[in-house]
Each structure stands twice: as structure tokens, then as C-alpha cells.
Amino acid sequence: MQLELRHLQAVCQIAEAGSLGGAARRLGVSQPALSAQLRRIERVTGGELFVRGRSGVEPTPLGQFVLAKARRVLSEMETLGAETRAMATDTPLRLGCILLVLIDGLLARTDLTLSGRELTVDVEHSVTALVRMLGAGRYDVIVYGEVNDHEVALPRGVLAKTLVPKEPFCIRMSTRHPLAGREVLDLADLAEEQWMTLVEDDDGGPEALVAACAKAGFVPSLRYRITDRQMRHDLVAAGRAISLTQPTAPAVAGTVMRPLLGAPITGRIRIAWNRSAVSARQAELLYRAAAGAYLANVGNNPFHKAWWDAHPEAHPVLD
């Protein structure tokens, strides 16, 4: 038997998981099958690669040597795949995203960034599904959000970079709302409102909203869950609901946007890519395109522009 890439991947997964059972689950095989495969690999390498320790399996000196070589080979293969895919301009780059304000601008900028390479785009309403499909190879790159302290677990082989580490969510309400004249809203004053439920329900947003409202002394009435932008705006303009909104969102007739006192709910925007499909240069170009799209919307609302200018630590890193 000769060592193949799948054997190197199995060795790396055992080391990362710290147990044969955990590695088997990650690889989608049974533990006995993985144990048998490991024994065959050890016959080729000439000795034990792992021994059982207090907290699971640990690599032997030979195992550490093989792991170092395996990781280098797998990294080179991933780089090869990304670079060859980047050179194949007839292969579309597959982008998945949630409904963020910057997406429209990002698509316009990628026409210039990717030098004519075709781009396919899908909008998902689940961050979990978005990440799962990135790991499965359905997407090459994704743009997504996280709320407050929520962190989305990324699959192996995926790299990520934070675009905007923090932005304070605000409230969109009807221009006829009794509180529309205020410059800043106290969340406690919105206790009797009907709320538009956030479209994404697995980015930490719903939990953050409920927790912030609980701290303000009430339970929010989450009445509407609508994915169509225009319908959402129409309901808010009619005074039937208020909604939590990104501070870069554009003006909509019949509505106003106001910041929340103390910024109790904040968002974070990230870009992640499959390193076997997207080269480092492409990832950087896409990051810069997304940053440019976000920055183009910072001035949509004066209150956010003032906040943004006062918080340079929230700006994209464009060194």
C-alpha cells in the first residue's frame, strides 16, 4: 500500500480531534473502519503514530514527524487547487451571503475586481446553512454576519477575515411614530411595540434582541418574519411594526432610522473562503471589494457616520 492524500487527512483529523471516535465522526466513517485504516497506515510508516494518553490519543515522535509532513503536503495541495482554480477564468466563483446592506455594492465591485470572471450569487437566510455549504464545496466564498458575542464555527479548510468588527444596530420606524422625533431611542421605551423578527435566526440576532429587551425590562412581541425587503419596509412605514436594522441601511420613504442608547445590540461582518478554491490574492481582492461596498454606505445615516468616525477600531483593515 502507498500513502494517499486521504490517509494523510485521516492522520491529521485524528490529531486534531484527539480521539479516533471524534475523527471518525468528522470523516463520516465508523470508528472500527478508521482504526483499521490507521493500522494500515502505521504498517507503511513503520511504527505507531499515536498512543492513548490521559485526554485521548497523542502522537508519538514518529507521529509528530508524519503529521508535520502531512500538513505540509495537504497545504500545498490546497494551494495548488486554489491557484489553478483562480487561473481558470471560465470557472465561476460561487458566492453565498446573507442579506447585508453591502451586498449590492459588493457585486458591482467584483465586476472590476475579478477581471471579467463570472460570479454566481445566492442569498441564504441561514448562516448555519451558508457555512455548511461552504464546507461542502457548494460555495467558494461567503459573506455573513454575527451578532453580539455569537461566533459561527467554521469547517476545516476554511479561512476567514473580519471585515467590520462592530457596528451598532439601530431601529427603523414609521415617520408617524410618536418617538420618530427623538435623536436617540431608549430600548425600554419600545416595550409595547410590535417587532419585525430578524430574517436570520442562527447568527445570534434573536437571542441578542431578547436578551437586550429583558435587560430593559420587557419581552419583545416578535410578530412578523418577512424576507422580502419591500414588504418589510411597507409594514414599518404603515406603523405596524418596528425593525432592528443595520446602521448603513439606506433611507426608505415613510420611515426613519434612530440609534439605540448604549448600543445594546451590535453586529460583526465577516468574509470566509474555501482555501482550496480561492487563492490568497483573490481573497484579498474580495475583502477589499466588500470593504469598499461597506464604506460607500457609511454616510447613509449621519448618526452612524458620527459613530464611525469616533471608532476607528471598527474600520476594515486595508494595509
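## Strand pairing and helix packing in a predicted model

In strand E12, Ile 271 is the bridge partner of Lys 161. The model is predicted: local features require pLDDT of at least 70 and side-chain atom pairs pLDDT 80 or more, whereas totals for chains, interfaces and linings use all residues. Residues are numbered from 1 along each chain as its sequence is written, and side-chain values use heavy atoms, with hydrogens and water left out. Helices (H or I, at least four residues) and strands (E, at least two) are DSSP runs numbered from the N terminus.

**Strand E12 and its partners**

E12 covers residues 266-274. Strand E6 (158-168) runs antiparallel to E12, and eight bridges join the two. E5 also pairs with E12 in the antiparallel sense, over seven bridges; two strands pair if DSSP finds at least two bridges between them. Within this second pairing, Val 143 stands opposite Ile 271.

Nine of the nine residues of E12 are buried, where buried means under 20% relative accessible area, exposed over 50% and partly exposed in between (1.4 Å probe, protein chains only). One side of E12 carries Thr 266, Arg 268, Arg 270, Ala 272 and Asn 274, the other Gly 267, Ile 269, Ile 271 and Trp 273, and both faces are covered. Ile 269 counts as buried because its relative accessibility is 1%. Leaving aside residues up to four places away in sequence, Ile 269 touches several residues, including Leu 100, Leu 102, Val 143, Leu 163, Gln 246 and Tyr 294; contact means heavy atoms within 4.5 Å. Ile 269 and Arg 109 lie 160 residues apart in sequence, with 18 Å between their C-alpha atoms.

**Positive phi values in loops**

Asn 148 lies in the loop between E5 (141-147) and E6, and Ala 263 in the loop between E11 and E12. Asn 148 is partly exposed, as is Ala 263. Each has a positive phi although it is not glycine.

| Residue | Phi | Relative accessibility |
|---|---|---|
| Asn 148 | near 50 degrees | 24% |
| Ala 263 | near 45 degrees | 25% |

**The five-stranded sheet**

An open sheet of five strands has the order E9-E8-E10-E7-E11, with mixed pairing. E9 (221-224) and E11 (255-259) are the edge strands; each has a single partner strand, so one side of each lacks a neighbour in the sheet. On average, neighbouring strands are turned by 40 degrees against each other, direction ignored. E7 (residues 170-174) pairs with E11 in the antiparallel sense over five bridges, and Met 173 has Val 256 in E11 as its bridge partner. Helix H8 (residues 229-237) lies across E7, E8, E9, E10 and E11 and runs at about 65 degrees to E7.

**Packing of H1 and H2**

H1 (residues 5-17) packs with H2 (residues 20-27) at an angle of about 125 degrees, and their axes are 8 Å apart. Axes are lines fitted to C-alpha atoms, for helices over the stretch in contact, and angles run from 0 to 180 degrees between N-to-C directions. H1 and H2 are therefore oblique to each other; angles under 35 degrees count as roughly parallel, over 145 as roughly antiparallel, 65 to 115 as roughly perpendicular and the rest as oblique. From H1, Ala 10, Gln 13, Ile 14, Glu 16 and Ala 17 meet Leu 20, Gly 22, Ala 23, Arg 26 and Leu 27 of H2.
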